[in-house]
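These are my notebook entries from a reading of one structure. I set down what I looked up, entry by entry.

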Amino acid sequence: MAALIFSLLFALPLLAKTTSSSSPDLQILHADRQIDLTSHIVRVYLTLKVENIGDDPASEVLLAFPPAQFDHLALVKAAAVGGKKKKKSYTSLEVNPTERPDVPNGTKYYAISLLKPLAKGGATTLEILYILTHTLEPFPVEISQSESQLVYYHDSAIILSPYHIKQQATLVKTPSNKVESFTRVEPSNRAGTELKYGPYEDSGPYSYSPVIVHFENNNAFAVVEELEREIEVSHWGSVQVTEHYKLAHAGAKHKGVFSRVEYQSKPTASGLSSFKHLLAVLPPRVHSAYYRDDIGNISTSRLRTSSKKSELLIEPRYPLFGGWKATFVIGYGVPLQDFLFESGVGARYLNYSFGCPLADTVVDKLTIKVVLPEGSKNPSLKVPFTVEQSVETKYSYLDVMGRTVVVLEKKNVVPDHNTPFQVRLSCPLQFQPSIYACRTTDASFCIFPFLHHLHRVPSHRSLNTEVKHLTL
Amino acid sequence: MVAVKMEKSPSDLLTSPGVSSVLKSLKLKTKQQEFLIRVTILGLIYVLAFITRLFSVLRYESMIHEFDPYFNYRVTQYLTQKGFYEFWNWFDSESWYPLGRIIGGTLYPGLMVTAAFIFWTLRFIGFAVHIREVCVLLAPFFASNTTLVAYFFGKQLWDSGAGLVAAALIAICPGYISRSVAGSYDNEGVAIFALLLTFYLFVKAVNTGSLAWALASAFGYFYMVSAWGGYVFIINLIPLYVMVLLITGRYSMRLYVAYNCMYILGMLLAMQIRFVGFQHVQSGEHMAAMGVFFLMQVFYFLGWVKYLLNDPRKFHSFLKITVTSAVGLGAIALGVGTASGYISPWTGRFYSLLDPTYAKDNIPIIASVSEHQPTAWSSFMFDFHILLILFPAGLYFCFKRLSDATIFIVMYGLTSMYFAGVMVRLILVATPAVCLISAIAVSATTKNLTQLVRTKSKPASGGSGKGATSSKSSSKGSLDQSPPFRKNVAIALLVGAFYLLSRYAIHCTWVTSEAYSSPSIVLAARGAHGNRVIFDDYREAYFWLRQNTPQDAKVMSWWDYGYQITAMGNRTVIVDNNTWNNTHIATVGRAMSSYEDEAYEIMRSLDVDYVLVVFGGVTGYSSDDINKFLWMVRIGGGVFPVIKEPDYLVNGEYRVDKGAAPKMLNCLMYKLSYYRFGELTTEYGKPPGYDRARGVEIGNKDIKLEHLEEAFTTSNWIVRIYKVKPPNNRW
């Protein structure tokens, strides 16, 4: 609804003054947008050809977003394209949110800093990717087991921009060719899983033309509401990672009965939007992996290891239907030498992947706790994007003064955030706690190799109601 | 691998002479050698007792087993999180809805406090353990400690050899292992240790007449009272023992000191446990101890008067008057106390112990529990194996060498054997006695035989082998001079004895691994290709409840699953395994055995949101609710006469197929278990709706539910959860 009101406001002729004192005159010669709606994470690829038509050299290009979309932005990346057609080269550019005075209707901006300012009359091509989460709105809000999940996607047919766009086109990709409806803004047409808006010529700054696409999306709407990753560094040769998940199905809510008969016998017509598997991509050489929850080990998981990566296929205790939740813990150890490197005398840095190892999953709130060995001091952090950070102390096995814990927090994390981050630490080795072996007791109780088959002998010794065997 | 280790302990006894020759080179004195060997063996037994209980952890995972342990675990978690005062004053509104339960006043806190204490200690030392690990490993740890007590007890009863054998036997005895495997976090795990400790300390006190030992045994008793309701056995056995000593003329000052100190202090200490309270002075079950206490005073007083009067004739007449008046006074006091209701009569559980048929006729809820069934012979064999044969032999040896201590163990053995015959679960109480008495048999026999062997070969060394020389050995020594092949016979008998003991070790390992190490939450079976298939349906359902139902949802199920639902599902239940309110359970039983609309009324009145049933028809899991259903009918019918058992039977037969009784085919339990089961083909070549647990095609395939809807069914259909629909709008 908010989007609708917003768009109505924009429907007015939007030739507001765009030349604020600081921003030079730019125009976009050609804009090409691809909106990928195939999963629940919306990826938008934007190719802009920007030209400076003002007098001053321009050092940054602005990207405009409606406020509703801005809140769901997980990531904005930009790259400058150089070179010829065959040999394209990409240089990534810095992107930062900025504020602008006197903006119409609360538009929010990201500013892309160009490598070198664009001189008068010069043109450059930018490749932009931005990722939106929680933007597909299930409608109907509640579905029963046999129905498939339909969602709305709201956007504008014309790219919202503070600049004049000479020519633009938008391509929307849907997961299947079941599209219930879409707003037509001529010229627009649909073929198979693709929906094309445009090309539109000469749209002024802040032009906006709201569209709604209503389509089927039965992909797993797997959202981790909270993820706490604890990365415990031990100088005894191992990095122990423990990840606490609060998983939810964020799609259309499940309504009414859950029938196991139908779920088992008609897998193609029942519970289409539900999911029962998740894939976690872990570093290679993972050892002693476990998968459990508050009430014990979950036996439905498979770990495949190779020299490049390890894949842990996990199955929650029950299939997740819309609105259902599951919490669980994944833990594993990785060899220290793969992740801890020396830098100078007495200083080391830990290089580990940020983000959630589950494929195709949104994390609403991610907390990473890097537990450093006891006695290490002055940790410093290098993360490729902004995070909140703090330091706390943790006491583990036979600790005297506790371990320094670097806590990183970030909201709205998508798989594209799985880039390495570094924690630099200075660690006087004489402060090593001596009994790290105890650590293994923790892990070894969690998952055990199943030794052999158990042939049960009924013992009738439990304190519950006696079982009467039928004599027929 | 473990089997090999198990055999080690008896065989260590065998190889000890070989070891001793090695030790001789270390130039230790014989006594020191013997001590060293003893300590080593004891240490090995200690470790063995622990590791043999870890099968379930190795096979499955570190988890809590069965039903009651889940409650204990939940309470322990509460205790460690909120502290002792909160725990003591805890009113649990999550169980027995809408009544609730005062946890602090209705449980034996010994187990939880022990676990919490160990947990806090470990935390303090700097071990970041999880409370679950402490709980899981508590029973094996206490089993290890029990072996130590058994050693000292055996030593007290007979000699250190018997002590070692007793420790070895009890370490692996299945009767004890059944309740003390890792994960079996139940009162009994701690209580058997406390029981044996109390007995040991009491016997020690009687033997020495020492106030210190009597005091120690009072504290042992206190720990036992805090841990398990089975303390009633102690408080009745010890007076009985004292009575027997009095009757057999074995009254002594030692006994007087030991009993009085133990009884008075033990009673005062036991009153500190809220669940027990003033029962020691108010309950009929504890009156024997009090009676014997007064009797002891009379005895002592008579002794004093006898000393003063110094005239047998006067004393005799005095004796008559005092005894009659004392007995009369006691009887009147008891009668008045009982009549006025000050002294409560015996409880049903106590009656059912003395009279095995009592529960069956009067208290179906006690009779329904599978552990309360009379013991089958096979169970004795299963749990005791050769001890069953050694037990009478041991009794023989005890009678041969009667002392205050052996009289005690004989009485303990005989009474507990009787109780073990009445109820399966009481095999546990008999186990230590059986092990001790058998140990006496084994130790005495092997000692005699080895002495025979030794005296023949080395007449000079005589009986210097081990500790004290018994009267038995000297008589044997004189005997063996006559037939020349006696030595060979002795060797053959020894070999036979060790063969038997090794069979025992193998049997124990097998039983532990096959029968007593499955958590019963996770079920395992063999798949079509010989692979192991795990049915984790219980936890699937409980976790579903925990995650996907409202926080305050009330779940109705048969009481068996109550503790598990509250502990794992974290939801309120109507009834649970603490079967304190028979009417409430009967109400649930009535709901389950009524037609759906009648049941709906009952469920509405209890605010039930979800109904959980356990169903084994798909997997062939036989301990499901349909097989327990007759008990629900019986317990329900016991309170609500509208429910009549014959309505559910056809010619006295209980069936679920087409020939079943119409009421059976339409009652709530049947409907919930078999809802939409008729559409499912469970076995190749069988019609749809073939129930694999009972091996029949179900009789009612067209089940319609009006007031309930299927909310969740686990992947193997073992647990089915239904949601109670809100009432229809009237307009």
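**Entry 1. A loop in chain B.** I began with B:Glu66, in the loop of chain B that runs between α3 (55-59) and α4 (68-82). I noted its phi near 55 degrees, a positive value in a residue other than glycine. I record here that the model is a predicted one, and that every value below is computed from it.

**Entry 2. Another positive phi, in chain A.** I then looked up A:Ser288, which has its place in strand β20 (residues 287-293) of chain A. Phi of A:Ser288 is near 40 degrees, again positive in a residue that is not glycine. Is A:Ser288 buried, partly exposed or exposed? I found a relative accessible area of 36% for A:Ser288, and that makes the residue partly exposed.

**Entry 3. Cis peptide bonds in chain A.** The bond from A:Phe139 to A:Pro140 is cis, and its omega is near 5 degrees. A:Pro140 sits in a loop of chain A, with β8 (137-138) on one side and β9 (142-143) on the other. The bond from A:Gly198 to A:Pro199 is cis as well, with omega near 5 degrees. I located A:Pro199 in strand β14 (residues 194-203) of chain A.

**Entry 4. Chain A as a whole.** I read off four helices and 31 strands for chain A. Of the 472 residues in chain A, 52% are buried. Of the contacts in chain A with a separation of 6 or more, 76% are between residues 24 or more positions apart. The accessible surface of chain A is about 21400 Å², and carbon and sulfur atoms hold 54% of that area.

**Entry 5. Chain B as a whole.** How many helices and strands does chain B have? I read 32 helices and 11 strands. Its radius of gyration is 29 Å, close to the 27 Å that the globule rule gives for 731 residues, so I describe chain B as being as compact as a globular protein of that length. The C-alpha trace of chain B spans about 100 × 70 × 60 Å along its principal axes.

I also noted that 59% of the 731 residues in chain B are buried. Taking contacts in chain B between residues at least 6 apart in sequence, I found that 72% join residues at least 24 apart. The accessible surface of chain B is about 29500 Å², with 63% belonging to carbon and sulfur atoms.

Entry 6. I checked helix α10 (residues 187-208) of chain B, which has 22 residues. Its first and last C-alpha atoms are 31 Å apart, close to the 32 Å expected at 1.5 Å a residue. Because 19 of the 22 residues of α10(B) are buried, I regard this helix as largely enclosed by the rest of the structure. B:Gly209 follows α10(B) and has a positive phi, near 70 degrees.

I made the same check on helix α22 (residues 404-422) of chain B. At 1.5 Å a residue, its 19 residues should span 27 Å, and the end C-alpha atoms are 27 Å apart, so the two values agree. α22(B) is mostly covered, with 16 of its 19 residues buried.

**Entry 7. B:Ala541.** I found B:Ala541 in helix α26 (residues 537-548) of chain B. Its relative accessibility is 0%; since buried means under 20%, B:Ala541 counts as buried. With which residues is B:Ala541 in contact, leaving aside its neighbours within four places in sequence? I listed B:Phe712, B:Thr714, B:Val719 and B:Ile721. I also looked up the distance from B:Ala541 to B:Trp717: the two are 176 residues apart in sequence and 9.9 Å apart in space, C-alpha to C-alpha.

**Entry 8. B:Ser557.** B:Ser557 counts as buried, at 2% relative accessibility. Leaving aside its neighbours within four places in sequence, I found B:Ser557 in contact with B:Gly562, B:Ile565, B:Val575, B:Val588, B:Met592 and B:Leu612.

Methods: Residues numbered from 1 in each chain as written. Chains lettered and ligands numbered in written order. Predicted model: local features only at pLDDT ≥ 70, side-chain atom pairs only at ≥ 80, totals over all residues. Heavy atoms only, no water. Helix = DSSP H or I, 4+ residues; strand = E, 2+ residues; numbered from the N terminus. Rg over C-alpha atoms; globule rule 2.2 N^0.38 Å. Buried < 20%, exposed > 50% of the residue type's maximum accessible area, 1.4 Å probe, protein only. Contact = heavy atoms within 4.5 Å. Areas by Shrake-Rupley, 256 points an atom, 1.4 Å probe, with all protein chains shown as cover. Expected span 1.5 Å × (residues − 1).
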